[in-house]
Amino acid sequence: MERFRVEGGHRLSGAVRVHCAKNAVLPILAGAILADDPTTVLDCPDIADVSNMVRILQTLGCEVSAQGAALRVDPSSIHSDTMPEDLSKRLRSSVFMMGALLGRLRRAVVPYPGGCEIGQRPIDLHLSGLTALGVDIREEGGLVVCDGGRMRGGEVHLDYPSVGATENVMMAAARIPGRTVIHNAAREPEIADLQRFLNACGARIAGAGSATIEIEGVRRMRGATYRPMPDRIEAGTLLAAAAATGGEVELTDAPVEELGAVMAKLREMGCRVEAGAGRVALAAPPRLDSPGQLITLPYPGFPTDMQAQMLALTCCARGTSIITETVFENRFTHVGDLRRMGANIVVKDRTAIVRGVRSLHGARVCARDLRGGAALLIAGLAAHGETVVEGAELIDRGYERLEWMLGGLGARIRRERQTDE
Ligand code: UD1
């Protein structure tokens with residue numbers, strides 16, 4: 001077990017390069033098994049979710065090798081359609097393997113998936129989407145057994161634009177006979193990135209990034225070399241960290257267009273944000289203003305994966321902020337820890353009311369999920385005194401050595417082994 005020790009009150013400044021997006025890399029690694037020959041995914045972030053996905057692919061029989069940050073996946077030796085239970089529980093995105101396995105082997109056996117404890121995260125939308133493609137699904141002893149022997153293209157109507165369900169159906173449909181249309185698809189940019197990757201492998205998919213995606217099934221897919229899009233959530237987290245300290249930061253290799261909602265909120269809070277050609281520059285005032293309201297929504301709305309970090313920012317902003325989480329039902333677990341640091345927050349159902357205080361103070365707190373953990377680090381950077389954030393492993397699921405990135409900008413932050421005291 002590891003933890004971060006943060007000495008607050010140091011203004012961040014400097015430039016930092018954004019890594020490739022976790023949420024693009026994971027489905028692309030799953031999609032690699034649709035091809036008959038090897039795929040190379042360039043610039044994979046060195047994070048726990050990616051290494052768990054690699055282990056899942058290896059357990060299924062794929063050969064995966066790393067050359068620096070590039071991962072080469074050779075799916076030609078895939079021999080199993082059954083997802084390993086322990087790894088699947090550790091990684092919510094293992095659910096994408098369902099669509100990819102069905103596309104490749106016409107059969108998939110998956111345990112109910114794991115991931116961050118942020119709400120129930122059922123998989124009903126995935127299952128109804130696959131059923132519309134002719135997959136026969138039954139439950140056996142806690143496992144979901146999917147038989148795709150009679151799969152064919154079909155009309156899929158998602159009740160809610162689920163990111164994972166959209167990606168799963170895209171992958172399942174890519175290599176089966178016939179045409180599939182996904183209605184009410186999620187529009188997250190990582191879905192468009194998955195489309196670009198699958199098309200580079202020979203798939204025929206159009207419309208990703210909009211609410212209607214059309215997939216013309218192909219008989220064969222080949223491997224590709226692909227660099228996934230940059231991580232808009234890592235980028236947003238770094239901007240928030242700089243803003244919390246009244247600092248300034250320049251991001252390079254940044255997903256400028258995809259950060260629109262986050263940049264707009266930071267501007268409302270008084271930051272100067274300039275963006276263009278893969279660069280975003282932010283300069284924050286000594287004290288931020290409240291953004292008033294912030295509501296999380298599917299893309300292009302404000303991303304739920306940035307809610308916790310923004311909530312941390314509003315703790316010391318001038319005025320009252322009302323933050324409503326509509327995407328997940330249990331995503332305020334960071335609030336208790338922020339209160340221990342002196343924040344004034346009341347949560348009612350899915351809304352947090354934050355009354356800005358002059359300053360936070362350091363405390364011993366605990367990351368309870370990936371983004372909530374990042375929010376505590378951000379609060380720690382702004383607080384007076386020292387903050388200890390336990391549960392570094394949860395933060396490592398989605399950020400490649402966040403302490404290096406922040407340290408490079410002047411943060412005083414170090415990782416240490418957690419010992420019982
Ligand atoms: C993906 C992202 C995650 C992000 C989320 C929303 C990846 C690897 N993860 O997660 O970082 O927070 O999108 O932007 O890309 N739901 C159902 N039934 C289902 C599927 C989902 O009720 O079958 C619900 C979920 O419980 C949740 C909401 O739909 O309340 C959104 O989930 P979804 O869009 O599927 O998120 P993920 O794909 O899990």
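Strand 2, residues 13–17, pairs with strand 14, residues 248–252. The sense is parallel, and five bridges hold the pairing. Keep in mind that this is a predicted model. Within that pair, Arg-17 stands opposite Thr-252 of strand 14.

Stay on strand 14. Strand 16, residues 279–283, joins strand 14 through five bridges, and these two run antiparallel. Glu-250 has Ala-281 in strand 16 as its bridge partner. Thr-252 stands opposite Arg-279 in strand 16. So much for strand 14.

Now strand 15. That is residues 272–276, and strand 15 pairs with strand 16 in the antiparallel sense, over five bridges. Here Val-273 stands opposite Leu-282 of strand 16. How many residues lie between strand 15 and strand 16 in their hairpin? Two. Look at Ala-277 in that turn: phi is positive, about 45 degrees. For background, most residues other than glycine have a negative phi, and most peptide bonds are trans.

Another positive phi. Arg-106 is not a glycine, yet its phi is about 65 degrees. Arg-106 is in the loop between helix 4 and strand 6, and strand 6 covers 107–111.

Helix 4 brings us to helix packing. Two packed helices are described by the angle between their axes and the distance between the axes. Helix 4 is residues 96–105, and helix 6 is residues 163–174. They pack at an angle of about 10 degrees, and their axes are 7 Å apart. That angle makes helix 4 roughly parallel to helix 6. Who meets whom? From helix 4 come Phe-96, Met-98, Gly-99, Ala-100 and Gly-103. They meet Gly-164, Glu-167, Asn-168, Met-171 and Ala-172 in helix 6. By class, this contact of helix 4 with helix 6 has five nonpolar, four polar and one charged residues.

Next, the ligand. An N or O atom in the Ser-162 side chain is 2.6 Å from an oxygen atom of the ligand. Val-163 uses its backbone: an N or O atom there lies 2.8 Å from a ligand oxygen atom. Pro-122 also uses its backbone, with an N or O atom 3.2 Å from an oxygen atom of the ligand.

On to the sheet with strand 17. This is an open sheet of four strands, order 17-18-20-19, with mixed pairing. Strand 17, 293–295, and strand 19, 344–348, are at the edges; each has a single partner strand, so one side of each is left without a neighbour in the sheet. From one strand to the next, the twist averages 15 degrees.

How many bridges join strand 17 to strand 18? Three, and the two strands run parallel; strand 18 is residues 320–324. Ile-295 stands opposite Thr-324 in strand 18.

What lies across this sheet?

One more point before we leave strand 17. The loop between strand 17 and helix 10 contains Pro-300. A cis peptide bond joins Tyr-299 to Pro-300, with omega about 10 degrees.

Definitions and conventions. Residues are numbered from 1 along each chain as its sequence is written. This is a predicted model: local features need pLDDT of at least 70, side-chain atom pairs count only at pLDDT 80 or more; totals for chains, interfaces and linings use all residues. Side-chain values use heavy atoms; hydrogens and water are left out. Two strands pair if DSSP finds at least two bridges between them. Axes are lines fitted to C-alpha atoms, for helices over the stretch in contact, and angles run from 0 to 180 degrees between N-to-C directions. Angles under 35 degrees count as roughly parallel, over 145 as roughly antiparallel, 65 to 115 as roughly perpendicular and the rest as oblique. Contact means heavy atoms within 4.5 Å. Ala, Val, Leu, Ile, Met, Phe, Trp, Tyr, Cys and Pro count as nonpolar, Asp, Glu, Lys and Arg as charged, and the others, Gly among them, as polar. A polar contact is a pair of N or O atoms within 3.5 Å; within protein, one must be able to donate a hydrogen and the other to accept it, and residues adjacent in sequence count only if both atoms are side-chain atoms.
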